[in-house]
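Here is a short briefing to read alongside the model. Take a look at the chain, then walk through the topics below.

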Amino acid sequence: MKTYPKDLPTFSIVLLFMNEALSIILCAITSIINTPSHLLKEIILLDDCSSNDDLKGPLETHITNYRKHPGLLKVIRHQKRQDLTQAQISGWEASTADVVAILDAHIEVNMAAAPILSRLKEDLVFDNMNFDDFELLQYSVAADGFDWALWCLYEHLPAEWYALKDETAPVW
């Protein structure tokens, strides 16, 4: 069995939702809540102005049923619908942990936190992480853009640009 450092960073999970079924949110919480308590600092439920009555009183009642984990579940409610990016920022700002995972509420977490947190502890600057083996990948330097169909493009820089040895030089 693989062992991990004891001093891993703590993390918060932010679950974003708007008019999601209560059962879906409870399923997501259940899949997360058994994460070791020294790693999982909080689960933030961010309600982006739901009109579904189940997500008001009944959700609060269910949260109180998690008595074994006092203070772990926090609810933030937007009074006005925000866009996705603003909702993500709002959840991130509310977090108090070292690492923040922002997820849609209709998920189930079926993996251990320690392998991911261990990799993040090794190198907190990374571009991409493979989902199946947690290998950290660094993107090569590229000019980013979009084509007419709005597909993201990564154009590798010409050798002449590298020869300038000036990262501030324009890319032509």
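From the N terminus on, the protein chain runs β-α-β-α-β-α-β-α-β-β-β-β-α, which gives 5 helices and 8 strands. Helices here are DSSP runs of H or I with at least four residues, strands are runs of E with at least two, and both are numbered from the N terminus. This is a predicted model, where local features need pLDDT of at least 70, side-chain atom pairs count only at pLDDT 80 or more, and totals for chains, interfaces and linings use all residues. Residues are numbered from 1 along each chain as its sequence is written, and side-chain values use heavy atoms, with hydrogens and water left out.

**Overall shape**
- The C-alpha trace spans about 65 × 45 × 25 Å along its principal axes.
- The radius of gyration of the protein chain is 20 Å, while a compact globule of 172 residues would be near 16 Å (taken over C-alpha atoms; the globule rule is 2.2 Å times the number of residues to the power 0.38).
- Pro70 and Glu167 sit 97 residues apart in sequence and 50 Å apart in space, C-alpha to C-alpha.
- Of the contacts between residues at least 6 apart in sequence, 65% join residues at least 24 apart (a contact means heavy atoms within 4.5 Å).

**Inside the fold**
- Buried residues make up 31% of the 172 residues (buried is under 20% relative accessible area, exposed over 50%, partly exposed in between, with a 1.4 Å probe and protein chains only).
- The largest nonpolar core has 28 residues, and Phe11, Leu15, Ile25, Ile29, Ile43, Leu45 and Leu117 touch the most other members (a core is a set of buried Ala, Val, Leu, Ile, Met, Phe, Trp, Tyr and Cys residues joined through side-chain atoms within 4.5 Å).
- At least two residues of this core come from each of β1 (11-17), α1 (22-32), β2 (40-47), α2 (57-64) and α4 (113-122), and α1 gives the largest share, 6 residues.
- Another core, of 5 residues, lies apart from it and includes Val14, Leu16, Ile44 and Leu46.

**On the surface**
- The protein chain exposes about 11600 Å², with carbon and sulfur atoms supplying 56% of it (areas come from the Shrake-Rupley method with a 1.4 Å probe; for residues, only the protein chains shown count as cover).
- Trp92 belongs to helix α3 (residues 84-94) and counts as exposed because its relative accessible area is 51%.
- Pro70 lies in the loop between α2 and β3 (73-77) and is exposed, at 70% relative accessibility.
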